[in-house]
Amino acid sequence: MKKLILCVFLVTLGTQAQNPIKIVDSLKEVLATKPDKPKRAKLLADLTWYYAMINSDSAEVYGKASLDLARELGDAAVIAQAISDFAVVKYTQGAYDATIQKYKEALAIREKLKDENGIASLHFKMGTVYHKKTQLDSAMSYYLKALKYYEATGNKVLTNSAQSNIGALHFNQKNYSEAMSYFEKNITFFRKNNELKLLANAMVNKASIQLIQRDTLAAQNTLMESISISKSINTIETLGSAYNNLSEIYLAQGKIKEAKEALSLSLKYREDANLNADIASSKLTMAGLQNATGNFNAARELLKELKPYYLKEDIKEKLATLYLQNSINFSATRNFDSAQYYTQAYTRIQDEVYGENAMKVTNELEEKYQTEKKENQILEQRAQLAEKDLEVRQKNTWMYGGFSLAILLGLLGYLLYNQQKLKNRQLTKEAELQTALSKIETQNKLQEQRLRISRDLHDNIGSQLTFVTSSIDNLKYALEGSNEKITQKLGIISEFTTQTIYELRDTIWAMNKTKITSEDLQVRIANFMDKAGKAAADVSFNFKVGDGVSNRVFTSIQGMNMYRIIQESVNNSLKYANAKNISVRIEKTPKKTTNNDKHTSSHDLKIEIEDDGIGFNENTIEAGNGLSNIKKRARDIGGDATIASVEGKGTFTRVLF
């Protein structure tokens with residue numbers, strides 16, 4: 001069962017006419033009458049716009065002609081519009097980076113002209129492109145700029161359109177309740193004002209949330225209503241997205257025939273409109289469908305075709321889905337090295353997205369902290385200036401007051417000085433307290449972010465993998481005795497998915513802790529050794545922790561890497577060494593010194609894993625991912641790994657750090 005691709009549909013860059021072909025024909029008839037240059041420039045721009053819905057190659061030809069004529073006329077507003085229309089062509093072709101570049105050119109011209117309406121329109125369009133690229137912070141920034149203008153000018157249709165896209169952003173960020181409140185409000189407005197195209201778009205978004213909430217029947221009904229509305233006004237883009245999502249629902253229900261039919265319609269509508277990026281999305285869904293139905297070669301060819309495009313445009317959300325489908329594909333065909341590679345790539349890209357979000361939050365907190373720090377410095381400087389001013393007054397008063405008042409003024413000055421000094425100390429303590437509170441707030445928010453990410457991993461990926469395992473086991477039971485090869489393959493996939501769940505749980509365990517004590521680590525390793533012992537009843541396991549280790553505290557990264565090194569070594573012994581005895585030791589090491597006793601080793605802890613298996617020849621064996629991973633993990637925690645083996649005498653692994 002592959003990951004469900006929800007394809008949240010954005011409010012598009014413009015409004016699609018019901019009969020673009022007829023409009024193109026009528027525009028070409030007017031163009032044939034050879035009108036003057038300003039009118040000709042307008043006609044070429046309109047042809048670019050409408051051809052973008054029919055044929056992107058023709059749209060590009062007219063777009064270049066429109067831009068050349070606009071520059072010949074020298075009218076800045078016409079040039080900006082021509083560039084903007086040409087950007088729409090690039091958008092329909094799926095060239096998002098080129099689209100953004102063109103919009104920025106047009107925006108620079110609109111800003112010089114101080115054309116607020118044109119600027120707001122470009123902000124909205126740029127937000128849409130960044131949203132497609134899953135650069136959510138940039139998308140939100142541009143959407144809010146456009147929304148501010150639309151609300152100020154009272155344009156309720158565009159206000160609701162921008163809000164609908166902001167709701168889609170909340171969906172991407174898993175703020176489902178916030179997203180649903182936007183969509184319900186927008187749907188009510190669009191339905192009341194007969195904005196059918198926008199209504200159909202918003203309903204596709206609403207169906208996506210209903211799927212997340214496991215209300216499959218409601219999602220299906222919402223999509224069917226969106227399809228009915230879209231057909232009545234011939235809205236191709238919405239039909240493509242709605243049928244794509246409907247295919248996902250049918251696949252989840254096991255209705256393979258209906259899923260294929262819905263996906264074929266999605267591809268047809270998107271190909272008719274030359275929506276290259278959306279075509280790629282439908283093909284990605286098709287690859288998942290092929291995987292689910294056992295057509296692994298066909299799925300692999302589709303994934304191979306799509307990979308260069310998603311890499312070029314850096315669309316991380318789609319790349320992650322593509323890597324996950326490759327992992328499923330190679331697992332099913334027993335190509336475990338490739339499956340592991342794509343699983344790691346999928347995990348990496350997820351980490352990039354979350355890492356970027358965490359960095360963004362950290363930067364914002366740091367900026368807030370620096371601002372507060374500067375404010376405290378200003379307050380301290382003011383206090384110092386006030387103190388100096390007071391001292392000057394005291395001196396002047398003493399000089400002009402006479403000797404008779406000297407003692408009194410000196411006493412008064414002393415009291416005032418002490419009071420000011422006490423006030424300064426109080427301000428300093430308040431500043432230190434504020435700094436400490438800011439640091440605590442930063443740490444709390446970072447911890448909340450880690451917990452949210454771990455919850456998302458557990459609730460979403462964990463539950464999906466568990467569902468996959470359950471579905472495969474049910475399928476094995478249904479097919480038992482009918483086809484041994486398929487049953488074996490399903491068993492392999494189930495085993496791989498179960499192992500992935502265990503590794504995911506280990507990752508969540510580490511993410512939920514800022515520090516890992518040696519006791520936590522010992523318990524985790526002991527549980528793993530216990531499970532390994534149950535799985536391999538003929539193997540004897542020995543786990544020993546030396547004195548002086550129990551009081552150690554590790555970072556989550558150190559603890560996780562130590563656990564993974566032991567896990568990888570033990571698994572290698574079980575899989576390849578045919579070992580009868582496996583021992584794991586964690587001990588303190590005496591700090592070694594040089595002859596002059598001036599230099600000490602930084603390593604004071606060692607992990608040793610030893611087995612009595614068949615071993616291997618280090619000169620002839622080709623190091624695989626397992627051995628490389630052990631050494632890499634040791635380096636990541638500032639350690640050094642040594643792996644020694646003799647054929648027939650077992651393998652010994654030592655990690656010092």
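The model is predicted: local features need pLDDT of at least 70, side-chain atom pairs count only at pLDDT 80 or more, and totals for chains, interfaces and linings use all residues. Residues are numbered from 1 along each chain as its sequence is written, and side-chain values use heavy atoms, with hydrogens and water left out.

**Overall make-up**

- The chain has 22 helices and 7 strands. Helices (H or I, at least four residues) and strands (E, at least two) are DSSP runs, numbered from the N terminus.
- Of its 657 residues, 45% count as buried. Buried means under 20% relative accessible area, exposed means over 50%, and partly exposed lies in between (1.4 Å probe, protein chains only).
- Among contacts in the chain with a separation of 6 or more, 65% come from residues 24 or more positions apart. Contact means heavy atoms within 4.5 Å.

**Helix pair H8 and H9**

- Helix H8 spans residues 156-172 and helix H9 spans residues 176-192. They pack at an angle of about 155°, with their axes 8 Å apart.
- That angle makes H8 roughly antiparallel to H9. Angles under 35 degrees count as roughly parallel, over 145 as roughly antiparallel, 65 to 115 as roughly perpendicular and the rest as oblique.
- Axes are lines fitted to C-alpha atoms, for helices over the stretch in contact, and angles run from 0 to 180 degrees between N-to-C directions.
- H8 passes H9 in a left-handed crossing. Left-handed means that the near helix is turned anticlockwise from the far one by less than a right angle; clockwise is right-handed.
- By class, the contact of H8 with H9 has 10 nonpolar, 7 polar and 3 charged residues. Ala, Val, Leu, Ile, Met, Phe, Trp, Tyr, Cys and Pro count as nonpolar, Asp, Glu, Lys and Arg as charged, and the others, Gly among them, as polar.
- Residues of H8 in this contact include Val157, Ile166, Ala168 and Phe171. Those of H9 include Tyr182, Phe183, Phe189 and Phe190.

**Helix pair H10 and H11**

- Helix H10 (residues 196-212) and helix H11 (residues 216-233) cross at roughly 165°. Their axes come within 8 Å.
- H10 and H11 are therefore roughly antiparallel to each other. Their crossing is left-handed.
- H10 contributes residues including Leu196, Leu199, Met203 and Leu211. H11 contributes residues including Leu223, Ile229 and Ile233.
- The contact of H10 with H11 has 12 nonpolar, 5 polar and 3 charged residues by class.

**Buried strand residues**

- Ile586 is in strand E4 (residues 581-588). Ile586 is buried, with a relative accessible area of 3%.
- Ile586 and Leu605 are 19 residues apart in sequence and 7.4 Å apart in space, C-alpha to C-alpha.
- Leaving aside neighbours within four places in sequence, Ile586 is in contact with residues including Ile525, Phe543, Val545, Val549, Ile566, Leu605 and Ile607.
- Glu608 is in strand E5 (residues 605-611). Glu608 is buried, with a relative accessible area of 5%.
- The side chains of Glu608 and Arg654 are joined by a polar contact of 2.7 Å. A polar contact is a pair of N or O atoms within 3.5 Å; within protein, one must be able to donate a hydrogen and the other to accept it, and residues adjacent in sequence count only if both atoms are side-chain atoms.
- Beyond its neighbours within four places in sequence, Glu608 touches Ser583, Val584, Arg585, Phe652, Thr653 and Arg654.
- Ser645 is in strand E6 (residues 640-646). Ser645 is buried, with a relative accessible area of 9%.
- A polar atom of the Ser645 side chain lies 2.8 Å from the backbone nitrogen of Phe616. The Ser645 side chain also reaches the backbone oxygen of Gly650 at 3.1 Å.
- Leaving aside neighbours within four places in sequence, Ser645 is in contact with Gly615, Phe616, Glu618, Gly650 and Thr651.

**Loop residues with positive phi**

- Most residues other than glycine have a negative phi.
- Lys34 has a positive phi of about 55° although it is not a glycine. Lys34 sits in the loop between helix H1 (20-32) and helix H2 (37-51), and is exposed, with a relative accessible area of 73%.
- Asn234 has a positive phi near 60°. Its place is the loop between H11 and helix H12 (236-252). Asn234 is partly exposed, with a relative accessible area of 32%.
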